[in-house]
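Student: I have a model open and I'd like to learn how to read it. Can you take me through it feature by feature?

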Amino acid sequence: MDSGTLNIKKWVVMYPVYINSKKTVAEGRMISLSKACENPNCIEISDCCKHLKLPSAVEIDKAYPRDFMQVGRVRVQLKREDGSCFLSFFNLSDHLN
């Protein structure tokens with residue numbers, strides 16, 4: 001996606017540490033271990049977004065605030081500007097908890 005023409009500042013920010021099964025909740029993991037994966041990177045997250053047909057943008061020059069050695073993040077558009085879900089089969093409350 002061409003991030004120059006899209007307003008990606010309102011998209012959800014996703015750092016790989018959020019879904020890393022090797023990290024604890026105190027270190028930044030945000031989902032349960034059963035749904036987490038081992039050592040994900042930004043490119044893999046972006047590939048998953050493309051597979052789900054979700055608009056995404058990789059920001060490789062950004063670092064995770066708690067650990068500056070963790071570089072890269074992905075911005076994902078989960079909602080349209082009117083507030084509705086981007087994909088009709090995707091219910092945010094079911095998949096993000």
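This is a predicted model: local features need pLDDT of at least 70, side-chain atom pairs count only at pLDDT 80 or more; totals for chains, interfaces and linings use all residues.

Student: Which secondary structure elements does the protein chain have, and how do they run from the N terminus on?

Tutor: Helices (H or I, at least four residues) and strands (E, at least two) are DSSP runs, numbered from the N terminus. In this chain there are two helices and three strands, in the order β-α-β-β-α.

Student: How do I read the strand pairing?

Tutor: Two strands pair if DSSP finds at least two bridges between them. Here β2 (residues 56–64) pairs with β3 in the antiparallel sense, over six bridges, and a hairpin connects the two through two residues. For a landmark, find alanine 63, which faces valine 71 in β3.

Student: What share of the 97 residues is buried?

Tutor: Buried means under 20% relative accessible area, exposed over 50%, and partly exposed in between (1.4 Å probe, protein chains only). By that rule, 34% of the 97 residues are buried. The accessible surface is about 6700 Å², with 55% of it belonging to carbon and sulfur atoms; areas come from the Shrake-Rupley method with a 1.4 Å probe, and for residues only the protein chains shown count as cover.

Student: Which residues of α1 are buried?

Tutor: The general idea comes first: an α-helix has 3.6 residues a turn, so residues three or four places apart point the same way. In α1 the buried ones are Cys42, Ile45, Ser46 and Cys49. Viewed down the axis of α1, these buried residues fall within an arc of 100°, so they line one face of the helix; the arc is that of the directions from the helix axis to the C-beta atoms. Their cover includes β1, β2 and β3.

Student: What happens at the start of α1, and just after it?

Tutor: At the start of α1, a side-chain oxygen of asparagine 41 comes to within 3.1 Å of the backbone nitrogen of isoleucine 43. Just after α1, lysine 53 has a positive phi of about 60°.

Student: Where does cysteine 42 lie, and what does it touch?

Tutor: Cysteine 42 belongs to helix α1 and is buried because its relative accessible area is 4%. Leaving out residues up to four places away in sequence, cysteine 42 touches Pro16, Val58, Val71, Gly72, Arg73 and Val74. Take arginine 73: it is 31 residues from cysteine 42 in sequence, yet the C-alpha atoms are 5.8 Å apart.

Student: How many salt bridges are there?

Tutor: A salt bridge is a side-chain nitrogen of Lys or Arg within 4 Å of a carboxyl oxygen of Asp or Glu. The count is three. Arginine 73 and glutamate 59 meet at 2.5 Å, N to O; arginine 73 is in strand β3 and glutamate 59 in strand β2, so this pair ties together parts that are 14 residues apart in sequence. Arginine 75 also bridges to glutamate 59, with the closest N and O atoms 3.3 Å apart. Both arginine 75 and glutamate 59 are buried, and arginine 73 is buried too.

Student: Are lysine 22 and glutamate 38 buried or exposed?

Tutor: Their side chains meet in a salt bridge at 4.0 Å, N to O. Lysine 22 counts as exposed because its relative accessibility is 53%, and glutamate 38 likewise at 54%.

Student: What about asparagine 20: where is it found, and is it buried or exposed?

Tutor: Asparagine 20 is in the loop between β1 (12–14) and α1 (42–51). Even so, asparagine 20 is buried, with a relative accessible area of 5%. Beyond residues up to four places away in sequence, asparagine 20 touches Arg29, Ala36, Cys37, Glu38, Asn39 and Pro40.

Key: Residues are numbered from 1 along each chain as its sequence is written. Side-chain values use heavy atoms; hydrogens and water are left out. Contact means heavy atoms within 4.5 Å. A polar contact is a pair of N or O atoms within 3.5 Å; within protein, one must be able to donate a hydrogen and the other to accept it, and residues adjacent in sequence count only if both atoms are side-chain atoms.
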